[in-house]
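Please read them with the structure open.

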Amino acid sequence: MSHYDGPVIDAHHHFWEPERNRQPWLLPDAHIPFRYGNYDSIKKPYLPPDLLADAEGFKIVGTVTMETEWNEDDEVGEIDYMQQVQDRFGLPSACVAHAVLNRPGVEETIEQLAERPIVRSIRHKPGQAASPSLAASHPSLLMDPVWRKGYAAVERAGLTFDLQVAWWHLTEAADLANAFPDQLIIINHAALPSDRSPEAMAGWEKAVRLMASLPNTVMKISGIGLPGIPWVIENNRYIVETLFEVFGADRVMFASNFPVDSLCGSYGDIFGGFRELSSNWSPDEQRAAFAGTAIRVYRLDPRLLDAPRATGTPGR
């Protein structure tokens, strides 16, 4: 057994400055329903120096930042802001942008986003039923023909797609993957296994095995905290081990989802947990899950694997 101590690409996190930007859910008096409960503590600036301070002890060589629920009338503006962050700090290495795929004119928005070199992927949450039992009668936008036209524009633009949806909609995601076999789907947050009851976990495992059977899918192991419960290895062992078994190291990537997941654990708790849970993997498997898969999927510079730890300043 050997704990991984090599380069890390944090494949899913957020940077923001709520006081100067346009994330309505991060305003001081905003309180949206949130899967981790009260989130007031993250309504503050979070920039590369903050991430690197949280990640002390881990060799962060690159990162991929995720869209932040920025106002939907200015989706390109979020990416232009993120380019300023990269210019200032040397991070993130790449971005996942937001585009409302069922909105008129989205093709033009996608074209503008694709022109920004920092953009690699698009996310638009398709909505979800409140429970597995309601999924059949309340399908997500994944099945909507207008939404799929927007999805086709993402593929034409040469961008991948980040999918955040509960596992009980993965049959719809599988239909989407089969309809667009050349488009890569990056499943966020382990398909949201928030209910850890035996029945729910059996349903989750069946759903992720279905997605793993499709070659145009990869999985992010991230965002698997539980509300009101500290992030501990034993709560997440089954999830990590199952995803490693069914997808393999070349199709999984570890990510922090910081600062959001700071609500349930420190960076050391989470990435230290990933180190422990992967300690019996081969060195090549560890390197893939911690960095290599993200570099390939998000088309990052492979020289990052040999780069020094990021410093949070340009030319790091």
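1. Burial is used throughout: buried means under 20% relative accessible area, exposed over 50%, and partly exposed in between (1.4 Å probe, protein chains only). The model is predicted, so local features need pLDDT of at least 70 and side-chain atom pairs count only at pLDDT 80 or more, while totals for chains, interfaces and linings use all residues. Residues are numbered from 1 along each chain as its sequence is written, and side-chain values use heavy atoms, with hydrogens and water left out.

2. Gln286 belongs to helix H9 (residues 283–297); helices (H or I, at least four residues) and strands (E, at least two) are DSSP runs numbered from the N terminus. Gln286 counts as buried because its relative accessibility is 4%. Its side chain reaches the backbone oxygen of Ser2 at 2.8 Å. A polar contact here is a pair of N or O atoms within 3.5 Å; within protein, one must be able to donate a hydrogen and the other to accept it, and residues adjacent in sequence count only if both atoms are side-chain atoms. Leaving aside residues up to four places away in sequence, Gln286 touches Ser2, Tyr4, Ser278, Ser279 and Trp281, where contact means heavy atoms within 4.5 Å.

3. How are the strands arranged? Eight of them form an open sheet with parallel pairing, in the order E1-E2-E3-E4-E5-E6-E7-E8. Strand E1 (7–13) and strand E8 (252–254) are the edge strands, each pairing on one side only. The twist averages 25° from one strand to the next. Two strands pair if DSSP finds at least two bridges between them.

4. His13 stands opposite Thr65 in E2. Helix H7 packs on the sheet and touches strand E6 (185–187), strand E7 (217–221) and E8; its direction makes about 160° with that of E7. Axes are lines fitted to C-alpha atoms, for helices over the stretch in contact, and angles run from 0 to 180 degrees between N-to-C directions.

5. Strand E5 (residues 160–163) deserves a separate look. Thr160 and Asp162 point one way and Phe161 and Leu163 the other, and all are buried. In a regular strand the side chains alternate between the two faces of the sheet. Strand E4 (residues 119–123) pairs with E5 in the parallel sense over three bridges, and Arg123 has Asp162 as its bridge partner in E5. E5 and E6 also run parallel, joined by three bridges, with Asp162 opposite Ile186 in E6.

6. Two right-handed β-α-β units share E5: E4, helix H4 (residues 145–156) and E5 make one, and E5, helix H5 (residues 170–179) and E6 make another. A crossover is right-handed if, with the strands pointing away from the viewer, the path from the first strand over the helix to the second runs clockwise.

7. A salt bridge is a side-chain nitrogen of Lys or Arg within 4 Å of a carboxyl oxygen of Asp or Glu, and the count comes to 16. Lys43 meets Asp40 at 3.0 Å, N to O; Lys43 is buried at 16% and Asp40 partly exposed at 35%. In H7 (residues 233–247), Arg237 and Glu234 lie three residues apart, about one turn of the helix, with their closest N and O atoms 2.8 Å apart. Arg237 is partly exposed at 28%, whereas Glu234 is exposed at 55%. Arg22, Asp73 and Asp74 are linked in a network of salt bridges.
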